[in-house]
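Hi,

Here is the structure I promised to send over. Have a look, and my notes on helix packing and aromatic rings follow below.

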Amino acid sequence: MRVIGRIGRILGWAAACVLGLAALVLAGAWVWWQPEPEARGTEANALWARHQWVGESHSDAEYRALGQLLKENRITDVFFHAGPFEADGTVPEAKYRYARQLLAAMRRYAPGVRAQAYLGQIRMVNGKGVIDLDDPAVRTRVLGTDAALLDLGFDGIHYDFEPIYPDDRAFLTLMDATRELTRSKGRLLSVALEQQTLMDAAQPVYKALIPRTGKIHYPPRPTRDFLRAVADRADQVAIMTYDVSLPTRSLAGWHFARHTRTTLELIGDRTTVFMGVPTYRPLMEWAEDLTVALRGVRRGVDDLERPPRRPYGVGVYADWTTSPAEWSRYRATWLPRATGSFGG
């Protein structure tokens, strides 16, 4: 009985220590979160847009409204979903049958805004997934699809293959070939990636002990070296910073601030960076929303010793989930004031 009692006391003290530490973290995060950010937003911002823009017919009034929305919110790049890729690396033309009409309307109603073809698929890993980027024939057909969309008039190719692990040489090989294609045509290559790892040193342990497929798998996040390698191949990198799954607004805000600072410090001189911010309803919607994300990004910009040499901004995910009230909040809290600012 004495042993049981001793174990119970040890467990009780351990639980008290854990709860005390959690309380300190929550209190510290809350205090850190209170000051209003000083940094304003920028003139370089992106938007992920729904497939219907290229897959369905739209009226002139709808195109005009889209152009007005993009100009009003100072969106410089729109990733119009034009895929997904089939397993063989192609996209049937029927999936983007109205792309020409969209691109003509963009030139008419949103001149200067770049319309990029947003393409991706579930990347095959350990025999599970859809598209096998390790297959050179598949990569060749991906490039053929890219070329066809660029010939239609898209201003760039935006890749979103998931999952991408930090030892994915085939993905980097595809990016090398795509960059040659886009640059030969005077267009852009952009890519969406998960946020960085919390600790690069843990990657060998994850790789050895945790599978990459199945319900429980280690997250496919880029290491510092891999993110730099991607940035050196891309004109733009969009970080999918959302889906935070932290329980309070201050902790979620810290997440956005930390990744903004570390990402811009790491690759902000190499490529244009868009920090992804959500307008959909995530798992913990009471803690993560557009207001928290924008405030967190601004706090991250405040923490920089100097602004990046390349343009940077936010990427709004997505056009089909953003309400007029959220666009109004975005304009009020993110867009730079008339006099300009640190990030502008």
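Helix α8 (residues 224-231) packs against helix α9 (residues 249-267) at about 60°, the axes being 10 Å apart. R224, L227, R228 and A231 of α8 touch T263, L266 and I267 of α9, with contact meaning heavy atoms within 4.5 Å.

This is a predicted model, so local features need pLDDT of at least 70 and side-chain atom pairs pLDDT 80 or more, while totals for chains, interfaces and linings use all residues. Numbering starts from 1 along each chain as its sequence is written, and side-chain values use heavy atoms, without hydrogens and water.

The other pair is α5 (residues 136-152) and α6 (residues 169-184): their axes come within 10 Å and cross at roughly 30°, so α5 and α6 are roughly parallel.

Now the rings. I get 13 aromatic pairs, counting Phe, Tyr and Trp (its six-membered ring) with centres within 6.5 Å; planes under 30 degrees apart are stacked, over 60 edge-to-face, the rest tilted. One of them is Y317 with W320, edge-to-face at 5.5 Å centre to centre and 75° between the planes. Both belong to a cluster linked by ring pairs that also takes in W48, F79, Y242, F274 and Y280.

Last one: the charged end of R212 sits over the ring of Y165, 4.4 Å from its centre (the rule is NZ of Lys or CZ of Arg within 6 Å of the ring centre and within 35 degrees of the ring normal).

Cheers

Key. Axes are lines fitted to C-alpha atoms, for helices over the stretch in contact, and angles run from 0 to 180 degrees between N-to-C directions. Helices (H or I, at least four residues) and strands (E, at least two) are DSSP runs, numbered from the N terminus. Angles under 35 degrees count as roughly parallel, over 145 as roughly antiparallel, 65 to 115 as roughly perpendicular and the rest as oblique.
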